[in-house]
Amino acid sequence: MSTEMNNVGRPTRLVAGTGAAVETFTGNRALMLEEPLLFERGSLDTSGVDLPPVPPVPDRLGGLARDAVIGLPGFSEPEAVRHYTRLSRQNYAIDLGIFPLGSCTMKHNPRLNEKMARLPGFADIHPLQPQSTVQGALELIDVLADWLMKLTGMPAVAMSPKAGAHGELCGMLAIRAALDARNDPRRVVLVPESAHGTNPATAAFCGFTVENIPANARGRVDLDAMLARLGPDVAAVMITNPNTCGLFEPDLKTISDAVHAVGGYVYCDGANFNAIVGRVRPGDLGVDAMHINLHKTFSTPHGGGGPGSGPVVLSAALAPFAPIPFVRKTANGLELVEEDTAGTHAADSFGRMVAFHGQMGMFVRALAYMMSHGADGLRQVAEDAVLNANYILASLKDLYTAPFASSGPCMHEALFSDDFLDGTGLSTIDLAKALIDEGFHPMTMYFPLVVHGAMLVEPTETESKANLDQLIGAMRHVATQMLADPDAWRAAPHFAPRRRLDETLAARKPVLGFKDSEAA
Amino acid sequence: MRYLPLSTADRSAMLATIGAASVDDLFADVPAEAVLDGPIAGLPNHASEMAVERALVKMAGKNKTASTNPFFVGCGAYKHHVPASVDMVIQRGEFLTAYTPYQPEIAQGTLQVLFEFQTQVARLTGMEVANASMYDGSTAMTEAVFMARRITRRPKCIVSAGVHPHYTSVLKTLTRFTGDLVEAGVPTFTPGAPGDDLASLIAQIDADTSCVVVQNPNLFGHIADLTPLADACHKAGALLIVVVTEIVSLGAIKSPGEMGADIVVGEGQSLGAGLLFGGPYLGLFACREKHVRQAPGRLCGETVDASGKRGFVLTLSTREQHIRREKATSNICTNSGLIALAFSAHLSLLGEKGLRHLAALNHARAVQLADRLARVPGVTLLNGPFFNEFTLDLGREARPVVRKLAETGVLGGVSMGRLWPTEKALAGGMIVAVTETATDEDFDAFEDALDEVMA
Ligand SMILES: Cc1ncc(COP(=O)(O)O)c(C=O)c1O
């Protein structure tokens, strides 16, 4: 029996099609894959973990055994890996492209840091092990603390705060404790209008009264308004430097001196330290406390919302009030000053802020980052971050409204407003969503509050010139097209995993978890 | 410099576009007295991957790790086996290197994970809703107390003596300045129920009480039926806040929600995170739906997009600092997103069946070890009911015992002297945690070492 070979094979030439949009059976579109919820796919009898058998001993749960079904579906390992891998592909990330989110310092996250944080000697140790068994961990904290003090020119640092806002809390509690120590009842904290929301929220959280100080036409704190408001009721000012408009506050030293002269303290929000690391030491500007977001300047990954780490450097005036625990050098090695030793070594400490010692995993990553760059490289970091931002500012300011460009260069981020879109009916959000279609994560929108429709672009130093040129090209293209034909731009994004989402509906009828009755 | 892509030629071209002669011109706003001319003194210059790795490996090598020693330390952080695929998931660059999902159209991965996480936490704790995470269990507890004050408009909070003392310290750090009143007692070593006495907690509740905070299992491992306490709270118009530091326990014992809790906070480290010398960990926060507008932190909710497809967004943000500023329910911004992913992935790998198995295994192994150690001369087991952690009375100061055990290579538990240094009556206590990771050889080593140290 002989069959004829099919020697035509598969077609290789393109065939003209209709180009009509195709609805797929699955809802997937090639590599863009829809993924159901765990609760729609997993089952209560499936597990992706094998465990040894349970030894047959009578339970000692005192009659409190959990009998009712909990409702936690499981996946086998292949199902789990695929579930999360598919979901991951619906995310934008630095690993995919530039993420110019102003105030957030989305720089490359070096993989060496991940590897170091996973060394068992750092990852597999317990916070309450005897201190003799964790001397290397205490050493790491001590070395990192030394880098932070030298980079900021400050004499002390509190390592335990868990993020920037928690660092703010640490600094403001130290100020409360210092005031209490001298029986000083002052409670007013002055906060510039341009400040991040965490600043007033933190001050209020620990019992201060917040008053706003306006910005001037150059995007800086209004020095006259600030000096005029200072007085014996002012406990502290909270200033961000470089500020949230991406500008250096040239009067900070003057303000610090004036605040000190009336008996107050200066809290500096150090979220934007990346612009000045290695070039300016906040200690030289009269600052009493400043948090450092290790998850910004020192590249520990944001992880889709956290974790962060927010060590706080302190002046000599506030250092005695620093929280426990902290690491101290002794003749017998390093010691963690905790409750049992606090009375002798930290009698003025305002107390404990977290259950254990802070974000060790972030400490390891940040130290690996600092050691990799060194003092010379960190200075280069600030210079390149500032250069990149100014390049963006210079390349867009003829088209985008740049409210403070006339006052000189910016620092690490370029601020625009949407005034140039006046009359089109379009605003910052439309421009941001159009950039999504161009393959970029948008800039920070509507923050700071001091300009209309703010667009805060922070490229960071880890972007190449080619990447910046592409972003600039896309931003020019989108803006030009929006001015020419506004109606075409109200519905972006078109190509993202989802079109614009209804946030009003979400807030009006909150659905905050899966309900089984919804199951299809 | 391997992380910096700009070349010298790029820098010159960019300066030309900007119209600046040098990069120093860009720092013109810095006052002269603060300008640094060169790299900061006293710090090394840049280093290769190899050099950095060598230095850090050396430091890491000075620590005794949990996996290479018989290990029984708990008290708020537990050594559980984390499946290999969990670490793979959290190292996906799309999760690891994303920011908070402020642009939901390109953050559905993170948002769906948060929605699943919130659902898992709510079900596990027996509550209606959960948020997208807090920093850790201790800060979650403080936030819960403040939330109870906002809801009840009452000033006083009663904290059980069975709550982890570090958690109570964190609360007191803040209340010292906010004016909230905190009544917290000292634990007792009542045989069969070490820690607190629910009847006396109930007796403390009055018309000023906003909430009672109780930990279950408590610091000493004791587990209790909280239903009478919940009833007493509700009768007095106060809320019951339940703290859970060992979340695996909820695979075996009744949930706080089933016992009447109004807010449940916890430490989620047991699932997904690992020990990490204390952080980053995962604050869990769950409550009743009617109170959600007073809750701190981010919430993820379901909605639809412009074409009608289901999608997820951050929602109810008018509670938060970026909108409400000084009137926000909390100042939290960055939370523990990636650890929430690790937790959720670990829990979805376990599933209900796996979690129940894991919890049963932890409990049975703890029962076995407790009975063995209680046979060591001079040692008394203080617990009646417990889950995977129990307290031994050594009849002598426990702190040196723990240190001696460590010298023999056994990380045997936490001494009360470390946690309650001022309470001499408690100094004989040693708290021992047992998880699925401890082997029979580890049990032998612990029993032998304790026998020897006690002799
Ligand atoms: C200027 C500023 N301050 C404070 C914070 C708060 O930091 P974190 O999110 O780490 O709490 C941020 C972060 O978004 C910020 O941009």
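Biologist: Which domains is chain B divided into?
Modeller: In this predicted model, chain B falls into domain 1 (69-80 + 352-454) and domain 2 (84-346), with bounds that come from an automatic or database domain assignment. Residues are numbered from 1 along each chain as its sequence is written, while chains are lettered from A and ligands numbered from 1 in the order in which they are written. Because the model is predicted, local features need pLDDT of at least 70 and side-chain atom pairs count only at pLDDT 80 or more, whereas totals for chains, interfaces and linings use all residues, and side-chain values use heavy atoms, with hydrogens and water left out.

Biologist: What separates the centres of those two domains of chain B?
Modeller: The centres of domain 1 of chain B and domain 2 of chain B, taken over C-alpha atoms, are separated by 27 Å.

Biologist: And how many residues are in contact there?
Modeller: On the domain 1 side of chain B, 30 residues are in contact with 31 residues of domain 2 of chain B, where contact means heavy atoms within 4.5 Å. Together the two domains of chain B bury about 2600 Å², 69% of it on carbon and sulfur atoms; buried area is the accessible area (1.4 Å probe) that two parts lose on being put together, summed over both. In domain 1 of chain B, the residues that lose the most area to domain 2 of chain B are Leu382(B), Phe387(B) and Trp420(B), which together make up 23% of what that side buries.

Biologist: How many salt bridges cross between the domains of chain B?
Modeller: Between domain 1 of chain B and domain 2 of chain B the rule finds zero salt bridges, a salt bridge being a side-chain nitrogen of Lys or Arg within 4 Å of a carboxyl oxygen of Asp or Glu.

Biologist: OK, new topic: how many helices and strands are in chain B?
Modeller: Chain B has 15 helices and 13 strands, where helices (H or I, at least four residues) and strands (E, at least two) are DSSP runs, numbered from the N terminus.

Biologist: How many residues does each chain bring to the contact between chain B and chain A?
Modeller: That contact takes 197 residues from chain B and 215 residues from chain A. The two chains bury about 17600 Å² between them, with 63% of it on carbon and sulfur atoms. Arg123(B), Phe277(B) and Arg418(B) supply 6% of the area that chain B buries against chain A, which is more than any other three residues.

Biologist: Which element gives the largest share of the side of chain B that touches chain A?
Modeller: Helix 12 (residues 337-373) of chain B gives the largest share of that side, 26 residues.
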